[in-house]
Structures are given as C-alpha cells and as structure tokens.
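Trainee: I would like to learn how to read a protein model. Please show me one feature at a time.

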Amino acid sequence: MDCASTMRRLPRNLGRALIWIYRHTLSPLVGYNCRHLPTCSIYGDEAIERFGLWGGGWMTLARLLRCQPWGTSGIDNVPLTKPPGARWYLPWRYGRWRGVNEG
C-alpha cells in the first residue's frame with residue numbers, strides 16, 4: 001500500500017480505532033444491552049469501514065439515536081450501497097433516522 005492510500009484511510013482507521021477502544025474498555029462496564037443486531041459498535045465499525053468516517057459516522061449517529069427506550073429494535077444491517085441523495089455536503093442523508101432494514 002502506498003503512502004497516499006494510507007493517508008486517505010487515516011480518518012477511517014482512526015474512527016474504527018475509537019470504536020475498538022470503546023468496545024474493549026467502556027462496553028464491558030456499561031453492559032451488553034443493545035436493542036439491535038448487530039450491536040451499535042459493530043454497526044459503526046462496519047459503516048465507517050464501508051463509507052468512511054464522514055458518511056459512516058453519520059450512519060452511526062442515526063443508529064445511536066434510534067437505540068433508545070422508545071426507538072427501534074431488531075435486525076438492522078449497514079446498507080451495502082450509499083443511500084440515494086447522500087452527498088458529503090448533505091451528510092444527514094447518510095443516516096436512517098427511522099425504522100430498520102429499509103431498502
């Protein structure tokens with residue numbers, strides 16, 4: 001892998017490293033009580049790997065906001081393709097703000 005490619009992936013790898021740290025430090029203390037499968041940390045890791053820190057981060061934020069007592073539950077996988085209308089300057093369109101397994 002060349003230096004330019006490594007530098008482009010740096011934000012993505014940093015975001016994934018933060019999730020890894022959470023998963024191995026705070027998560028065992030808080031408990032495993034996620035309402036969705038896969039868990040929110042696994043979802044975030046996969047979304048950031050697939051769509052980068054910016055797009056995957058917005059997907060993860062939307063997922064975390066849905067994971068609350070009056071939110072959704074069930075199987076909720078990361079989409080395989082970028083959501084329609086999602087652009088870097090319209091980041092909220094990356095997130096699925098309601099429901100699970102749409103499209």
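Mentor: Start with Trp88: it is exposed, because its relative accessible area is 64%. Buried means under 20% relative accessible area, exposed means over 50%, and partly exposed lies in between (1.4 Å probe, protein chains only). This is a predicted model, where local features need pLDDT of at least 70, side-chain atom pairs count only at pLDDT 80 or more, and totals for chains, interfaces and linings use all residues. Residues are numbered from 1 along each chain as its sequence is written, and side-chain values use heavy atoms, leaving out hydrogens and water.

Trainee: How many aromatic pairs are there?

Mentor: A pair of aromatic rings is described by the distance of the centres and the angle of the planes. Rings of Phe, Tyr and Trp (its six-membered ring) pair if their centres lie within 6.5 Å; planes under 30 degrees apart are stacked, over 60 edge-to-face, and the rest tilted. That rule gives 2 aromatic pairs. Trp54 and Trp58 make an edge-to-face pair, 6.1 Å centre to centre with 70° between the planes.

Trainee: Where do Trp54 and Trp58 lie?

Mentor: An α-helix has 3.6 residues a turn, so residues three or four places apart point the same way. Trp54 and Trp58 both lie in helix H3 (residues 40-66), 4 residues apart, about one turn of the helix. Helices (H or I, at least four residues) are DSSP runs, numbered from the N terminus. Trp54 counts as partly exposed, at 47% relative accessibility. Trp58 is partly exposed too, at 25%. Trp88 and Tyr89 also form an edge-to-face pair: 5.6 Å centre to centre, 85° between the planes. Tyr89 is partly exposed, with a relative accessible area of 48%.

Trainee: Where does H3 bend?

Mentor: H3 bends by about 135° at Gly52. The bend is the angle between axes fitted to the seven residues ending there and the seven starting there.

Trainee: Is Thr60 buried or exposed?

Mentor: Thr60 is buried, because its relative accessible area is 13%. Thr60 is in helix H3. Setting aside residues up to four places away in sequence, Thr60 touches Tyr43, Gly44 and Ala47. Contact means heavy atoms within 4.5 Å.

Note on methods
Helix = DSSP H or I, 4+ residues; strand = E, 2+ residues; numbered from the N terminus.
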